[in-house]
Structures are given as C-alpha cells and as structure tokens.
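I opened the model to look up a few local features and kept notes as I went. The entries follow in the order I made them.

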Amino acid sequence: SSHELASRAGVEILKNGGNAIDAAIATGFALSVVHPGAGNIGGGGFMVIRLADGTVTTIDFREVAPSGAHRDMFLDDSMNVIEGKSWNTAWAAGVPGSVAGFGMAHEKYGSANWRDLIKPDVELASNGFPLDYQNMMYFNHPYYQEYLSTDTESAKIFSKEEPFTLYQTFIQDDLGKTLERIANNGWAEFYNGKTASMIEK
C-alpha cells in the first residue's frame with residue numbers, strides 16, 4: 001500500500017488467520033487514517049480479486065450520484081453551466097462507495113471477524129500516528145491549507161497555526177468514532193445509521 005502502517009495492518013490480519021480479502025479490507029480502512037489525501041472512506045474504488053481456485057472477479061465500488069441528482073442540476077434556467085457548482089459545493093457530492101465495497105467483499109469472500117479488521121484502525125485514528133514526510137508536506141502546502149481551511153470541520157483537523165512537523169502525532173478523533181461505529185454496527189451503518197445522519201446534516 002502507500003503507507004507502511006496500512007500495509008502492517010493487512011499483514012497482522014494474515015498472521016492472525018485472515019485471508020487476502022480480509023487483509024485488503026484492513027489495509028483499506030487503515031489508509032483512511034494514514035493516507036487522508038486519497039485513501040479515505042469518503043471515496044470509492046475497485047477491487048480486483050483472484051481466488052485460490054483461479055476464479056477472477058472485480059467489485060466496482062466507485063462513488064455514485066445521490067438519489068436526488070438529475071441531468072440538469074448544474075445548469076441555470078437558460079441551460080448554461082453554473083460555474084463551480086459541480087466542483088466545491090454540496091451539489092458536487094457523490095455517495096461514497098468504499099465502505100459498501102469493503103462490506104460486500106467481506107460478505108462474499110472474507111473469513112475474519114469484521115470488527116477485527118477495523119478495530120486497529122480505530123486506535124490509529126483516535127491515538128494518532130507519527131506524520132510521515134508525504135503527509136507533512138501535503139498538510140503544510142499553501143494550496144491544501146487554504147482549501148482545507150474553508151470548511152469548519154476539516155479546518156479543525158488539518159489547519160494549525162504552526163506548520164505540521166515530521167513525526168508529530170496526528171490525531172483524528174471524529175474519524176476514530178466513525179470507524180468505531182462501522183466496526184461495531186457493520187458497514188451499512190455508514191449509509192443508514194448515525195454516520196449517515198451526520199453526513200446528511
């Protein structure tokens with residue numbers, strides 16, 4: 001994976017008897033903590049699977065448009081594109097697919113306990129991890145500082161008065177609580193439980 005701690009999460013699952021799908025799921029959830037720029041539960045992806053018997057399949061869990069989306073939602077009454085509406089507004093949001101994709105993969109092919117796959121990542125978010133060079137550079141970059149400070153909630157996490165430093169402990173309390181709910185209540189909690197209600201609000 002793109003981060004040692006995420007790879008380590010997958011290796012630990014394998015050492016404890018989980019299969020490759022379990023390890024991929026644990027790694028994916030760990031990336032939501034240690035690679036916030038791309039490995040997050042607010043996005044989506046694909047899983048390419050080759051089973052021991054040679055069967056090959058894929059799971060497509062890319063983001064999808066919300067149920068209220070419609071063809072002309074980025075156009076004004078004169079059918080002209082509304083500049084920026086499809087980019088940095090609530091209208092631009094897609095329904096994340098990562099959690100559902102991991103859930104489907106686990107239900108079809110996983111063998112380990114669901115909670116065991118996510119619990120270490122809860123700790124990683126709640127207790128923090130030492131910032132690596134790549135994350136430190138991203139967090140300190142003027143573009144990301146400006147971009148992430150425009151939202152009140154992201155500003156609490158990613159915007160600091162002093163620059164982020166190498167190996168400082170980076171804590172994400174809210175992400176830890178979200179992962180805890182997913183671990184305890186199953187993947188569907190993200191879509192119809194407390195987490196979904198908080199996202200909608």
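Entry 1, a loop tyrosine. I looked up Tyr167 and found it in the loop between helix H7 (152-158) and strand E4 (169-170). I took helices (H or I, at least four residues) and strands (E, at least two) as DSSP runs, numbered from the N terminus. The model is predicted: local features need pLDDT of at least 70, side-chain atom pairs count only at pLDDT 80 or more, and totals for chains, interfaces and linings use all residues. Residues are numbered from 1 along each chain as its sequence is written, and side-chain values use heavy atoms, with hydrogens and water left out.

Is Tyr167 buried or exposed? Tyr167 has a relative accessible area of 59%, so I noted it as exposed. The cut-offs are under 20% relative accessible area for buried, over 50% for exposed and partly exposed in between (1.4 Å probe, protein chains only). Tyr167 is not a glycine, yet its phi is positive, at about 70°. Leaving out residues up to four places away in sequence, I found Tyr167 touching Pro130 and Leu131; contact means heavy atoms within 4.5 Å. I also checked Tyr167 against Val99: they are 68 residues apart along the chain, and their C-alpha atoms are separated by 29 Å.

Tyr133, Met137, Leu166 and Tyr167 make a nonpolar surface patch of about 460 Å². Patches are made of residues with over 30% relative accessible area and no salt bridge; like charges are joined within 9 Å, nonpolar side chains (Val, Leu, Ile, Met, Phe, Trp, Tyr) within 5 Å. A salt bridge here is a side-chain nitrogen of Lys or Arg within 4 Å of a carboxyl oxygen of Asp or Glu. Areas come from the Shrake-Rupley method with a 1.4 Å probe, and for residues only the protein chains shown count as cover.

Met79 is in the loop between E2 and H3. Met79 has a phi of about 70°, positive although the residue is not a glycine. Its relative accessible area is 47%, so I put Met79 down as partly exposed.

Which residues touch the most other members of the largest nonpolar core? In this core of 39 residues they are Phe29 and Ile118. A nonpolar core is a set of buried Ala, Val, Leu, Ile, Met, Phe, Trp, Tyr and Cys residues joined through side-chain atoms within 4.5 Å. The elements giving two or more residues to this core include helix H1 (4-15), helix H2 (20-34), strand E1 (45-50) and helix H8 (173-185). H2 supplies the largest share, eight residues. Beyond its neighbours within four places in sequence, Ile118 contacts Phe29, Leu179, Ile182 and Ala183.

I searched the whole structure and got 14 aromatic pairs. Rings of Phe, Tyr and Trp (its six-membered ring) pair if their centres lie within 6.5 Å; planes under 30 degrees apart count as stacked, over 60 as edge-to-face and the rest as tilted. Phe29 and Trp114 have ring centres 5.8 Å apart and planes at 85°, so they are edge-to-face. Phe29 is in helix H2 and Trp114 in helix H4, so the pair ties together parts 85 residues apart in sequence. Phe29 is buried at 0% relative accessibility, and Trp114 is buried at 11%.

Phe190 and Tyr191 are also edge-to-face, with 5.1 Å centre to centre and 80° between the planes. Phe190 is buried at 6%, whereas Tyr191 is partly exposed at 27%. Last, I noted a cluster in which ring pairs link Phe129, Phe139, Phe158, Phe164 and Phe170.
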